[in-house]
Every structure is written in structure tokens, then in C-alpha cells.
Amino acid sequence: MHRHRQTKILPYAPEQLFELVGDVDAYPRFVPWLTSMRTWNARQVRPGVSSVDAEAGVGFSFLKERFATRVTRDSERLHIDVSLLHGPFKALKNDWRFLPDPAGTRVEFVIDFAFKSRILDALLHANMDRAVQKLMGCFEARAAEVYGVAGTEVSI
């Protein structure tokens, strides 16, 4: 199993970033390698905690795959946990944490994964730091688009 972490301070409220990351249906609009997203089984687990199952289609030059996850969103703790349902992974888990910071929010993202294919596992492990940075950049750009650049307002 491989683990990658990314922490970033962003100039938005924790609740804004929680909502943005929790809106998995919107991902294909701003994450370029996601070719599709289908969600089902949305439910309230308990007060403040919801869950949805999501199947993502991904496409890179050498890879086209589908995988499904369960996304659990805890609005009280501002945590989003993602676990594998099925796909090319032997294991997949990621966690998003949105913590108040004097400059806005400290976003903590952790992904643990292992692919069934050893070749794919080795290839993606070698490039995962860069991929996680790009993913965080996609969410940062989306936040600027939706909420405006720090100190400015955007009407939607």
C-alpha cells in the first residue's frame, strides 16, 4: 500500500471547501482526467453525515478505467472519507480534512492505494506525488472560480 499526503492553506472558509470537495457530481467539470461520474445510493447515515456511491471514469493516454467508491461526508467534523467499492485497485482510501486556519482553511488530503496490477501500481506510485499536487490544483482553481480569488467576490 502506498500513502501520499498533501496539505495546503487556501483562503476560503472550511465549509466552502467541504461543500466543493463533497460535490462529486461536479468533478468531471474541473478534473481533466475524469471522463464521467455517476452517483447513486445517496443517503443520510446520521444527522450531519451523508453518504453517496460514485463511479468515476478516468482517462489518461495509456489508461482508461472505471472505479467506484463510497463517499462519506461529515458536515459537523468537516471530513470527507472515500473508500473503494470496486475497480482496478486492490485497496483505495482517501481522506479530506478542512481545518480552520488564520489564512482560511488548512486542507489535508491523504490517499492510500494499491493497484491489482504490479506494473500499474509501480508506474502510478512513481508519479503519485505529482498527480496529488495536480488534483489539489484542480480543486484550488475550482474554488477560485466558484468563490472568487481571495479578497474578491464572484456572483453565481
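The model is predicted: local features need pLDDT of at least 70 and side-chain atom pairs count only at pLDDT 80 or more, while totals for chains, interfaces and linings use all residues. Residues are numbered from 1 along each chain as its sequence is written, and side-chain values use heavy atoms, with hydrogens and water left out. Along its principal axes, the C-alpha trace spans about 45 × 35 × 25 Å.

Three helices and seven strands make up the secondary structure, assigned as DSSP runs (helices H or I, at least four residues; strands E, at least two) and numbered from the N terminus. Their order along the sequence is β-α-α-β-β-β-β-β-β-α. Of the contacts (heavy atoms within 4.5 Å) between residues at least 6 apart in sequence, 47% join residues at least 24 apart.

The chain exposes about 8700 Å², of which carbon and sulfur atoms supply 53%; accessible areas were computed by the Shrake-Rupley method with a 1.4 Å probe, and for residues only the protein chains shown count as cover. Buried residues (under 20% relative accessible area) account for 46% of the 156 residues.

The largest nonpolar core holds 41 residues, and those touching the most other members are Tyr27, Val31, Ile80, Trp96, Phe98 and Phe139. Such a core is a set of buried Ala, Val, Leu, Ile, Met, Phe, Trp, Tyr and Cys residues joined through side-chain atoms within 4.5 Å. Two or more residues each come from helices H1 (14-22), H2 (27-30) and H3 (118-147), and from strands S3 (49-59), S4 (64-74), S5 (79-86), S6 (89-101) and S7 (104-115). Helix H3 gives the largest share, nine residues.

With neighbours within four places in sequence set aside, Phe98 contacts Pro14, Leu17, Phe18, Val21, Leu78, Ile80, Thr105, Arg106 and Val107. Leu17 lies in helix H1 and counts as buried because its relative accessibility is 3%. Beyond residues up to four places away in sequence, Leu17 touches Leu10, Tyr12, Phe98, Thr105, Val107 and Ala143. The C-alpha atoms of Leu17 and Lys64 are separated by 29 Å, with the two residues 47 apart along the chain.

Notes
Buried < 20%, exposed > 50% of the residue type's maximum accessible area, 1.4 Å probe, protein only.
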